[in-house]
Amino acid sequence: VCPMGNSTSRLYSVLAKMLSSGAVSQHQDCLEQLDPARLDPIDPKDLLEECQIVLQKRPPRFQRNFVNLKKNAASNHRPIRVMQWNILAQALGEGKDNFVQCPMEALKWEERKCLILEEILAYKPDILCLQEVDHYFDTFEPLLSRLGYQCTFFPKPWSPCLDVERNNGPDGCALFFLKDRFELINSANIRLTAMKLKTNQVAIAQTLKCNETGRLFCIAVTHLKARTGWERFRSAQGCDLLQNLKNITQGAKIPLIICGDFNAEPTEEVYREFSNSSLNLNSAYKVLSPDGQSEPPYTTWKIRPSGECRHTLDYIWYSQHALNVNSALGLLTEEQIGPNRLPSFNYPSDHLSLVCDFSFNQDPDRLL
């Protein structure tokens, strides 16, 4: 029997003890008791304090500042904060990704999950889009649902995590939104195709209604095929995703935000397809560049046996005719990241989180 009380501390103590590597199958009965529908809400401040207690021997988290971008008059509604993050699957971090400069101790799930939660709690997104989630059912869904999020998970059909000994199940994409801000109108789990063949990559697309404004918009999360040599494959996957989103948004009548690890630099064809799509998309993080036309110099930075990898692969695309970018979270500097790169004792993933505040264009009839 798992002792459960109403306090956050007791809940998190149970989770911290039972969610160590390989513990899930041993505690299936206890996990069933953690049905979020039967548990009380958690105060995010309490959960953040719990995380900080677990992390007290680690260096403090990096400080990042928002860059204010909106130049026109203030919106008459609260902005929608969207967070995009490839959090690094635990099985891959420990088993297959070979971060040669990262001590294994820094990758311990008992502490790394608290670093991930700390990052999420610090920025308080209204919508959270994650990739490489392999601890959805035992960590993110139980906790985030009690923080007021509606949660959706779509695993890869043949996740590489399953090849790792003592894995926690398949990784996949996860989408979370605050139920007090949005109403779910429609949800679609999409298995991406390439050259008419079903692939191992997936996407989630949900049409939401903003409770404050009554306006509809679509939020999507995806993770395209990795590795050099698969550029045409990623391009085909991108085309398939765009076609699905055209149907869901009725040809861009419904505003759209797409978050993802595209595994593609801005020079790749799939990036050009999104830039030139009839959905009239723009990449939100371009607004941080001096000319507003360039992507960040990197969104992932790691060292593997083959050498140092510094790439821009992660994006937040949005309907530029219907949405404004109010602000964007600045990236970590090279000095903050340090010579051993990511992940590290300071930062839990090899990818940086991207966070943007969006507002609706004040003219709802303006499409192009």
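Q: Does N280 count as buried, exposed or partly exposed in this predicted model?
A: The model is predicted. Buried means under 20% relative accessible area and exposed means over 50%, with partly exposed in between. The relative accessibility of N280 is 21%, so N280 counts as partly exposed.

Q: Where is N280 found, and what is its phi?
A: N280 is found in the loop between α8 (269-275) and β10 (281-283). Although N280 is not a glycine, its phi is positive, at about 60°.

Q: Is R227 buried or exposed?
A: The place of R227 is in the loop between β8 (216-223) and α7. Its phi is positive, near 90°, in a residue other than glycine. The cut-off for exposed is over 50% relative accessible area. R227 has 61% relative accessibility, so R227 counts as exposed.

Q: Which residues lie nearest the centre of the largest pocket?
A: The largest pocket holds about 870 Å³ of space. Its lining is made of 35 residues. Those that lie nearest the centre are K225, A226, R227, N263 and R304.

Q: Which element supplies the largest share of the lining of the largest pocket?
A: At least two lining residues come from each of β7 (197-210), α7 (231-248), β11 (300-304) and β12 (307-311). The largest share is four residues, and the element supplying them is β7.

Q: How many helices and strands are there in the chain?
A: The chain has 368 residues, and buried residues make up 58% of them. Of the contacts with a separation of 6 or more, 77% are between residues 24 or more positions apart. As for secondary structure, the chain has nine helices and 15 strands.

Q: How many residues of helix α6 are buried?
A: Helix α6 (residues 136-146) is mostly covered. Among its buried residues are F140, L143, L144 and R146. Of the eleven residues of α6, the number buried is ten.

Q: How far apart are the C-alpha atoms of R146 and L39?
A: R146 is found in helix α6. At 5% relative accessibility it is under the 20% cut-off, so R146 counts as buried. R146 and L39 are 107 residues apart along the chain, while their C-alpha atoms are separated by 7.2 Å.

Q: Which side chain makes a polar contact with the side chain of S353?
A: S353 is found in the loop between α9 (334-337) and β15 (354-360). Its relative accessibility is 0%, so S353 counts as buried. Its contacts beyond four places in sequence include R64, W85, E119 and Y347. The polar contact, at 2.8 Å, is with the side chain of E119.

Q: Is the peptide bond from L342 to P343 cis or trans?
A: The place of P343 is in the loop between α9 and β15. Omega is near -5° for the peptide bond from L342 to P343, which is cis.

Q: How far apart in space are W317 and L281, C-alpha to C-alpha?
A: W317 is found in strand β13 (residues 314-319). Its relative accessible area is 1%, so W317 is buried. Not counting residues up to four places away in sequence, W317 touches L256, I257, F262 and L281, among others. W317 and L281 are 36 residues apart in sequence, and in space their C-alpha distance is 6.1 Å.

Q: How many disulfides are there?
A: The relative accessibility of C102 is 8%, so C102 counts as buried. C309 is also buried, with a relative accessible area of 14%. A disulfide requires a pair of cysteine sulfur atoms within 2.5 Å. By this rule, the number of disulfides is zero.

Methods: Residues numbered from 1 in each chain as written. Predicted model: local features only at pLDDT ≥ 70, side-chain atom pairs only at ≥ 80, totals over all residues. Heavy atoms only, no water. Buried < 20%, exposed > 50% of the residue type's maximum accessible area, 1.4 Å probe, protein only. Polar contact = N/O pair within 3.5 Å; in protein donor to acceptor, adjacent residues only side chain to side chain. Contact = heavy atoms within 4.5 Å. 1 Å grid on protein atoms, 1.4 Å probe; cavity = no way out; pocket = protein on both sides within 12 Å on 5 of 7 lines; lining within 4 Å. Points joined across faces, edges and corners; volume = space filled by probe spheres on them.
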